Amino acid sequence: MKHIFRLIFLLLVFSFMFSAFSESSQDETDLKNKYEQRVFKCLNTLTAYLVDDCGVYGTTNEFVRGSKAWDYLSGYDGGWFPASRSKTVSNLRTDGWEKVSDTQFCVNVYCDYEIKYLRDSDPVNYPCSYHFCFTQTDVRKDIWMVKDLHVVQNPDHVAFAEKITSENEGITLTAITGPSFSGYMMIIDDPSRVFVGTIARFRSSTGGLRIDEIVKRYDALGGINGGGFDEGKGGSSRPFGILYTMGERIQPHTPTNALTKILIGFDKDNKLHVGKYTQTEAEALNLRDALGFGPALIIEGKSQETGRERSDYSSRAAIGQDADGRVLMLIARGRHPNSIGANMKDLIKVMEDFGAVNAGNLDGGHSAAMYFDETIVYSGYRFETSRTLPTGFLIKKLPE
């Protein structure tokens, strides 16, 4: 008798599971048939905005419905690229349709966005992957709006990071994603390997160097861009703020400048310091390598309130250190069809996830760049390894 009851129970369970699966499968099919073209249109609008409005430096509002970014999307009319440059969207597809409720559904949507930046250049392909969630705002007119979005991890980025990690002792590269961006976190086990590299001549009319050129100047393994600099002609040879390299002070601390009031640097015991310091306090830190930028993201384990300071979405770079002394170099893609960009809150969240006790924001936008082992990990400047720069945090090679 017990076996019969068990059999009946199992049949009921399987029947329920099959019914639920059938209902779920039917919901997915119905949603796809009804709304897939609208989802494609939404993706096209988003990617086109990110590509054609590159002249707009992000947005100072949250990326949600009713924000400045959504206004840009709804009023999108292109115009950044001249007619000689082409853009092609292909291989549109969806999966993972999920009916959350009668007025909400979510879906993964993909495309290949190909751009030919210059007339005689090879096209660049951006595989785009987003997770969209829609909410119904008008049942009678069947109007849906994007409630939320999240960048879907690209398997190629994961494979690239795993290859870099497997080929380099003491270095870990991890592919990351956030709500509006993708990027990489590079972890350097030994903090003594990280130092500030600079150009050879400051205040030169010829300007600075690309990040790969700064790396090669020191025969280093790789690195990330550093602090701010003059935007004028030849300005990339004129860095702002404090500057120490390998124990030598190149420029004093200038905490009165809005772009350099935050000191970011390592002392001779390989501890990373981030924060506001007077000139006297800075000199007492026994610094070996440092520069100025900001804002501070995390100080002694406490996340910082950055307010509206550089709160727009863009390419980002940051550096931090965890409790074990490991150095964290973060790069976030921005202003690309497959990555909207990150703001300061996003950087803080990622740094906290990786255990940072101190972390500071570095120069972003077109300046954001990571170069490693003769490979461009990321460049916010589309046409070169990076724009010309005066400084960067570099990584020494291991002794042979």
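Biologist: What handedness follows from the torsion about the S-S bond of Cys106 and Cys133?
Modeller: The torsion about that bond is about 105°. It comes from a predicted model, in which local features need pLDDT of at least 70 and side-chain atom pairs count only at pLDDT 80 or more, while totals for chains, interfaces and linings use all residues. Residues are numbered from 1 along each chain as its sequence is written, and side-chain values use heavy atoms, with hydrogens and water left out. Given that torsion, the disulfide of Cys106 and Cys133 is right-handed.

Biologist: How many residues apart in sequence are the parts that this pair ties together?
Modeller: The sulfurs of Cys106 and Cys133 are 2.1 Å apart, and a disulfide is a pair of cysteine sulfur atoms within 2.5 Å. Cys106 lies in strand S2 (residues 104-116) and Cys133 in strand S3 (residues 124-138), where strands are DSSP runs of E with at least two residues and helices are runs of H or I with at least four, numbered from the N terminus. The parts tied together are therefore apart in sequence by 27 residues.

Biologist: Which cysteine holds the sulfur closest to that of Cys128?
Modeller: Cys128 is buried, with a relative accessible area of 1%, where buried means under 20%, exposed over 50% and partly exposed in between (1.4 Å probe, protein chains only). Its closest cysteine sulfur is 3.9 Å away, too far for a bond, and belongs to Cys111.

Biologist: What span should helix H3 have?
Modeller: H3 covers residues 155-166, twelve residues, and the expected span is 1.5 Å times one less than the number of residues. The end C-alpha atoms lie at a distance that agrees with the expectation, which is 16 Å.

Biologist: Within what arc do the buried residues of H3 fall?
Modeller: His157, Ala161 and Ile164 are buried in H3, whereas Pro155, Asp156, Glu162 and Ser166 are exposed on the other side. The arc is taken from the directions from the helix axis to the C-beta atoms. Seen down the axis, the buried residues of H3 line one face, because they fall within an arc of 60°.

Biologist: How many residues does the largest nonpolar core have?
Modeller: A nonpolar core is a set of buried Ala, Val, Leu, Ile, Met, Phe, Trp, Tyr and Cys residues joined through side-chain atoms within 4.5 Å. In the largest one, the residues with the most contacts inside it are Met186, Ile264, Ile319, Met329 and Phe393, and its size is 33 residues.
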